Amino acid sequence: MTDAQAQKHAVNRLYIGGEWVEPAGGHYEVVNPADESVVGLAPEASRAQVEEAARAAAEAFGAWSRTTPEARAAILDRAADIIQREYEPWSALAQAETGAPTGIARGMQVGVGVARFRRYARGALEPVEKGLPPQVTEAGPMGKASVLGALEVRQPVGVVTCITSYNNPWANPAGKVAPALAMGNTVVVKPAPQDPLSVFKMAEALAEAGVPAGVVNVVNGQSVEVGEAAVDSPYVDMVSFTGSTAVGQRIAEVCGRTMKRQLMELGGKGAAIVLEDADLDAAVMGIGTTFSFYSGQICTAPTRVIVHRSVYAQLIEKLTGYLAFMKVGDPTVQGTVVGPVISAAHRDRVESYVELGKKEGARIAYGGERPLVGEGRGFYVAPTLLVDCTNDMRVVREEIFGPVVVVVPFEGDEEEAIRLANDSDFGLLSYVWSGDSARAFRVARRLRAGGVGVNTIGRNMEAPFGGFKRSGVGRDVGSYALHAYSEMQSIVWTG
């Protein structure tokens, strides 16, 4: 890093044990995916520094876990106040490092971050003890007759490593850090290397809010060994990970060696069943969010449309018309709906899937060519609709994680639609559109997915969130996140 670079760009340091620490590996540039300019300089930690962060979290755990729920709630609330105070500059930073359109960066990133800190400030006050019915036992080999009382107690797990995704550097880390802290855990946060700068702002907010030294630690780096150290450290008791299924499998293998707790939110290939009696306009609006939310970089997107042949042509026509009005371009410009994807490498990956789809026999109904934005800089992918697909195509079976929707027609009844939807390695969120609510609920109950939207892509943020099959392990959101970051203990006594 040169002096000129340091003067021009914000230089971030690691946050370890309550101190801002110079990274052993220097800094690297964080690039704006919209125009390829440099947003700032991110720190590159060493394995030893990650280990130091985990040790600091372990040393802080005893005291933090014994703080009152009210004290933890107050710190989380103050952190939310600080994030709200810095809403404008931190939204601009999130937009710059992710390429998200303005409304997404403000509302879905920083705005959701504030909301999650508020939610788990309240969550810290939720009861962690529940009395169970007494049990009368007869005299026997275990002792004399007695009445045994029992208490169910949720205890913090310990040190939690939070490895977060690049598609939302506010909502995703906040959804891990806030409930973990609310339950009395300490954390080591390892952000995605593509856009870690927002997570350091979150650490600034927590530090200013009065979180004790060592309770929150943030390490970062492009090197694989940084993430490995955050997972395999003997000081770490649990790993909470959001990202690809392939990486999640590797993390799970490491966790299994020492029986670390896991919370895994992995890939998705959401099935959107459109039955013959569906409101097609509503279905198109829902499916269309795949293109507009994070440029398709969202695991909950309805990317795999399974539509009855009788309305297939009509749905394609409506989706094509919808896409024609989706402006692709600079995310800072008013009216932009689809911004860039996170990197050149990811753009190439998404485009390779579109080419693969053509080779497999799919037809491009819309998109498929790289859009020219401004002076040709930035990592833009055209929203693309692949039709005439079959369930054995790789573009149908694999997560593309970009603004690409595949459409598979079916001829028979709802049983065929259910079979096609369930014929997948993934099972995060799926969707059903039907004019018959009872029918839609009947189909929803048959889908092997952690969540199902019936005539909506909306989510109830108190409902459990997580996946079946290779889409993950465990559930979070709402009070379920508090449960995820706790261990269940039973205390039994005689009276």
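Contact here means heavy atoms within 4.5 Å. Helices (H or I, at least four residues) and strands (E, at least two) are DSSP runs, numbered from the N terminus.

These legends describe a predicted model, in which local features need pLDDT of at least 70 and side-chain atom pairs count only at pLDDT 80 or more, while totals for chains, interfaces and linings use all residues. Residues are numbered from 1 along each chain as its sequence is written, and side-chain values use heavy atoms, with hydrogens and water left out.

**View 1. Helix 14 and its cover.**
Welcome to helix 14, which runs over residues 414-422. Glu414, Ala417, Ile418, Leu420 and Ala421 are its buried residues; buried means under 20% relative accessible area, exposed over 50%, and partly exposed in between (1.4 Å probe, protein chains only). At the start of helix 14, look for Asp413: one of its side-chain oxygens comes within 3.0 Å of the backbone nitrogen of Glu415.

A salt bridge is a side-chain nitrogen of Lys or Arg within 4 Å of a carboxyl oxygen of Asp or Glu. Because Arg446 lies in helix 15 and Glu415 in helix 14, this pair ties together parts that are 31 residues apart in sequence. Both partners are partly exposed, Arg446 at 40% relative accessibility and Glu415 at 38%. A network of salt bridges that share partners joins Glu276, Asp277, Glu414, Arg439 and Arg442.

Asp348 and Arg370 meet through their side chains at 3.6 Å, N to O. This pair links distant parts of the chain, 22 residues apart: Asp348 sits in helix 12 (residues 344-360), and Arg370 in the loop between strand 14 (363-366) and strand 15 (384-387). Asp348 is partly exposed at 39% relative accessibility, and Arg370 is partly exposed at 46%. In the other example, Arg119 and Glu126 bring their closest N and O atoms to 3.1 Å. Arg119 is buried, at 9% relative accessibility, whereas Glu126 is partly exposed, with a relative accessible area of 23%.

**View 2. Cysteines without a disulfide.**
If you are looking for disulfides, the structure holds zero. A disulfide is a covalent bond between the sulfur atoms of two cysteines; here it is taken as a pair of cysteine sulfur atoms within 2.5 Å. The sulfur of Cys255 has its closest cysteine sulfur in Cys162, 12 Å away, so the two are too far apart for a bond. Cys299 is in no disulfide either, and the nearest cysteine sulfur, again that of Cys162, is 17 Å away. Cys255 is buried at 0% relative accessibility, and Cys299 is buried at 11%.

**View 3. Thr161 and its neighbours.**
Thr161 belongs to strand 7 (residues 159-163). With 0% relative accessibility, Thr161 is buried. Leaving aside residues up to four places away in sequence, Thr161 touches Val188, Ala230, Val236, Met238, Val239 and Ser240.

Val333 is in the loop between helix 11 (309-323) and helix 12. Val333 is partly exposed, with a relative accessible area of 39%.

**View 4. The whole chain, for orientation.**
The chain has 16 helices and 22 strands. Its radius of gyration is 24 Å, close to the 23 Å that the globule rule gives for 495 residues, so the chain is as compact as a globular protein of that length. The radius of gyration is taken over C-alpha atoms, and the globule rule is 2.2 Å times the number of residues to the power 0.38. Along the principal axes, the C-alpha atoms fill a box of roughly 75 × 70 × 40 Å. Buried residues make up 55% of the 495 residues. Among contacts with a separation of 6 or more, 73% are between residues 24 or more positions apart.

Methods
A polar contact is a pair of N or O atoms within 3.5 Å; within protein, one must be able to donate a hydrogen and the other to accept it, and residues adjacent in sequence count only if both atoms are side-chain atoms.
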